[in-house]
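Notebook open, model on screen. I'm jotting things down as I look them up.

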Amino acid sequence: MDPEFGVGTAPRKREPWRTTLLLAYQSLGVVYGDLSISPLYVYKSTFAEDITHSEGNEEIYGALSFVFWTLTLIPLLKYVTIVLRADDNGEGGTFALYSLICRHANVSLLPNRQVADEELSTYRLERPPEAAGRSGIKAWLEKHKNLHTALLVMVMIGTCMVIGDGVLTPAISVFSAVSGLELSLSKDQHEYAVIPITCAILVFLFALQHYGTHRVGFLFAPIILAWLLCMSTIGLYNIIRWNPQVYTALNPSYMVRFLRKTKKSGWMSLGGILLCMTGSEAMFADLGHFSYSAIQLAFTSLVYPSLILGYMGQAAYLSQHHNLDASYQIGFYIAVPGTPHYYMAFASVMNAESVRWPVLVLAILASVVGSQAIISGTFSIISQSQSLSCFPRVKVVHTSDKVHGQIYIPEVNWILMVLCIAVTVGFRNTKHMGNASGLAVITVMLVTTCLMSLVIMLCWDRSPWLALAFFLFFGSIESLYFSASLIKFLEGAWLPILLALILLAVMFVWHHTTIKKYEYDMHNKVTLEWLLALGDKLGMVRVPGIGLVYTDLTSGVPANFSRFVTNLPAFHRVLVFVCVKSVTVPHVLPAERYLVGRVGPPGHRSYRCIVRYGYRDVHQNVDSFETELVESLATFIKLDALFRCSDAGGGEQRDSNYYERENALTVIGSNPLRRHMGLGYDDSHSHDGASSDSDRVDGIELAAAAAAAPAVVKKQVRFAVAPPRSPGVDESVLEELHELCEAREAGTAFILGHSHVKTKPGSSLLKRLAVGVGYNFLRRNCRGPDVALRVPPASLLEVGMVYVL
């Protein structure tokens, strides 16, 4: 990683083969945990009630054929071969596809967008706009605002189902692993042992989230590797021992025979077979942690063959065992050498205890790893949703300073734990859990298929017919599984639908009201002339210090500041209007994060600073933010002086309205000691350069004593100030820099709006419930903007604002 520019400074290069092997090995524990443990419950869910295992073996052969071709067409062909190529600067997932689409077509609903955002290094297009043709579908999408909303709702549905999967996958994974005890316990003992043990493991799993996975993450890959080798070895043994001809079931004709014999029951049983794809989306969602070649290598060389051998081994054993005891349901453990049923038939093969218990322990460990992967993915997608104003504010804790993307959300963690335990205790069997989990999994895949079709047309500039072929081929397969899951609405599939409806309502109300609040702010912002005239009205006083006025606006003076100064006629000597915004890229380089400009003439000491983050970026802590902000202001003051001198010639003054134009913002790099050449205010260019020895400048240090105990270390900021006698340096520049120094020493105040939303008289009942009741309830019970922005409470000033929408 480039320490100056951060993540993603250049397109991914081909890694050395040793690096690829290491990443492929590490991806086993992060990416493939969920997919690897699916053999624990696929056959058990398939043969739960809808179909029976008969002497003719049409059912088990048909199920194996469906599993093989499903794994081949969806995870291998769709994801590994096609979808993984649609990365957003190396990042994957639902929001990565949405971000790509928004950059190539004007369909984004995010507020405060700027032309300068398109000049970010990570805002790359697959093809330049002049090279890509103007497609009719793109024009149609951009023309209809309702389609923009429908696209965002589709993304929200996919997000809701991922969160629902975060509830269901840990429950079914751990429950299925612990269910191996049923082969050693009586029916009564099984009922009173499996549920408590499963709940205890889930509580332990969620309690560990606070500490992060980096402390035990090194164990994840060995556990999954051992599990895959164990599963494939058992499968290979069962194939050789019981039915070496089981490979004939891979013939697609067995799927036709399966459906012809079982008819509607067979179609309904597809809801269990689709669970073999559980975790496929993780390959794309976790792309940012690894590389395309590493994920592809791990899947094709180890995960895919191991899964196929595991499923074939189970089918080979079941093809020779039809009259199973009622207490032994069809599942993974029945085919493990050493189980009581297996051992009674072939006592001379191996010691029962020597195989059964190690496999059980390894399966439980693998299920914990697989559950950890989906929990981490749930945290990640909620954080991304929050960045794009699609989720209420929650506290995001970064558990590792070294590993990017490892986060923990306390509120979400405990809610997931309660829901997981409720699902385990409420359903108490694999059938209902599988029906619920299957619907969530297949819905996310359908959303990915729809978004990927748009990416093929809009981003890759391929033929609409190719996109349609992709949509119809994979969409028809996934629709078949979706219908089979939906038909089981009353048998567990209602749960992900209920969770999705609740989450979708929360997300849509939050996003819709946030957009309306922004429009209200735009309509009620005050003019620059009003701000400049404040000194002559109300006896306005400028107090020492820096005032950071937070707003969503990128231009104009926000209404919360006008309300502040009309009630308290004083504001700080240095005033900065700060807009912290997210853009539709995964990362913004630190050197391109700050856009700085003036609000009014230089003597007013008012500035605008726009701080840009990607949807996967880590927000800075307050000390780092203050330091970089002051450094950026100091750098801008010097750049501004040099630019005005070179542009004005004989000291011509610019009109103050110049400083309110959007293109009067300058990109300030993360290293303020760097000399910037070719200076200008156009925010579509980043000004970089190197300083020569003759251009060296003296350093001035700003220090502000902490307000707490005297033992607290002082905060220090360094920026460059040219010596007074340096040629071309105006005394006014030195004066402005020293005032900034004095203001920093006096302290910084953070001014935020504390909003309350009301609906207009005569609004519909639905709007009053959604905005007046729903949004205000979420606002009161979720984290405030000061937590999301990491504002220190001691320096916080809140201004009450009533929004009438």
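This is a predicted model: local features need pLDDT of at least 70, side-chain atom pairs count only at pLDDT 80 or more; totals for chains, interfaces and linings use all residues.

I then checked where the two partners sit: Asp-88 is in the loop between helix H4 (58-82) and helix H5 (94-104), while Arg-103 belongs to helix H5. The pair is 15 residues apart and links distant parts of the chain. A reminder to myself: side chains of opposite charge can pair when their charged atoms come close.

Next, the sheet. In what order do the 7 strands of the open sheet run? I read S7-S5-S6-S4-S3-S10-S11, and the pairing is mixed. Strand S7 (666-668) and strand S11 (796-804) are at the edges with a single partner strand each, so one side of each has no neighbour in the sheet. On average, neighbouring strands here are turned by 30 degrees against each other, direction ignored.

I went through two of the pairings. Strand S10 (residues 748-758) and S11 are parallel over 9 bridges, and I find Gly-753 opposite Val-799 in S11. S3 and S10 also pair in the parallel sense, over 4 bridges. There, Ile-546 stands opposite Thr-748 in S10.

Which strands does helix H22 lie across? I traced H22 (residues 731-746) over strand S3 (541-550), strand S4 (570-582), strand S5 (594-598), strand S6 (606-613) and S10. Against S3, helix H22 runs at about 80 degrees.

Last entry, the second largest pocket. I noted a volume of about 1,200 Å³. Its lining counts 47 residues, and the closest to the centre are Arg-393, Asp-552, Pro-785, Ala-788 and Leu-789. What is the make-up of the lining by class? I have 21 nonpolar, 15 polar and 11 charged residues. Helix H18 (residues 494-524) gives the largest share of the lining, 5 residues.

Methods:
Residues are numbered from 1 along each chain as its sequence is written. Side-chain values use heavy atoms; hydrogens and water are left out. On a 1 Å grid over the protein atoms alone, a cavity is a set of points where a 1.4 Å probe fits but cannot get out, and a pocket is an open set with protein on both sides within 12 Å along at least five of seven lines; lining residues have an atom within 4 Å of a point. Grid points are joined across faces, edges and corners, and a volume is the space filled by probe spheres set on the points. Helices (H or I, at least four residues) and strands (E, at least two) are DSSP runs, numbered from the N terminus. Ala, Val, Leu, Ile, Met, Phe, Trp, Tyr, Cys and Pro count as nonpolar, Asp, Glu, Lys and Arg as charged, and the others, Gly among them, as polar. Two strands pair if DSSP finds at least two bridges between them. Axes are lines fitted to C-alpha atoms, for helices over the stretch in contact, and angles run from 0 to 180 degrees between N-to-C directions. Contact means heavy atoms within 4.5 Å.
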